[in-house]
Amino acid sequence: MSEDKVIVANKGMVRADFNFWVGRYLDKFLDNLENKKLVGNKCPKCGDVFVPPRKICGKCNITIPIDQNWVDLPDTGILKNYTITPYRVNDRTDRKAKDLLLGMIQIDGSNTAIVYKLLNLKPEEIKTGMKVKIEWAEKPKGDPSDIKGFVKI
Ligand SMILES: [Zn+2]
């Protein structure tokens, strides 16, 4: 007999809390966040640096060994792109009075971009190419929210 559960929703939102294993690469990344440190990993063939770290370089199609090629990265980066939205990221039903500013940030020394909130900025102050810095959570706990967002430097 199957133990599968089927959730059927006719209207409204369904909230499903769950835990999952993020894998060894992201686990190491999150462990470092807890200490307010940013790490990525580097493809041994092309030299691209990934944040968050990846198991496989998509460009070279090779596995980056888990025990090698880790790179310590600074908490600074460049704003590559951004968007302004009245919605919260995880809840499209809730319009906020204040717009949410989301940026794609390329951490210095890396070749990828991560998406986080832009803090303490007005929409008209945001420009692609501007230098930004991580605003860390007061009490990091080893998850993506340890980075509260990025501020202008
Ligand atoms: Zn590569």
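Which residues are the protein donors of the zinc ion? In this predicted model, the donors are Cys43, Cys46, Cys57 and Cys60, each through its SG atom, lying 2.3 Å from the zinc ion.

| Donor residue | Donor atom | Distance to the zinc ion |
|---|---|---|
| Cys43 | SG | 2.3 Å |
| Cys46 | SG | 2.3 Å |
| Cys57 | SG | 2.3 Å |
| Cys60 | SG | 2.3 Å |

The arrangement around the zinc ion is tetrahedral because the four donor atoms subtend angles of 106 to 112°, and all of these fall between the limits of 85 and 135 degrees that a tetrahedral site requires. Along the sequence, the donor residues follow the spacing C-x2-C-x10-C-x2-C.

The chain has 153 residues, of which 34% are buried. When contacts between residues at least 6 apart in sequence are considered, 51% of them join residues at least 24 apart. The accessible surface of the chain amounts to about 10,500 Å², and carbon and sulfur atoms account for 49% of that area.

Conventions: Residues are numbered from 1 along each chain as its sequence is written. This is a predicted model: local features need pLDDT of at least 70, side-chain atom pairs count only at pLDDT 80 or more; totals for chains, interfaces and linings use all residues. Side-chain values use heavy atoms; hydrogens and water are left out. Donors are N, O and S atoms within 2.8 Å of the metal (3.2 Å for Na, K and Ca); water is not among the atoms, so sites may look incomplete. Four donors count as tetrahedral if all angles lie between 85 and 135 degrees; four count as square planar and six as octahedral if opposite donors are over 155 degrees apart and all others between 65 and 115; anything else is irregular. Buried means under 20% relative accessible area, exposed over 50%, partly exposed in between (1.4 Å probe, protein chains only). Contact means heavy atoms within 4.5 Å. Accessible areas come from the Shrake-Rupley method with a 1.4 Å probe; for residues, only the protein chains shown count as cover.
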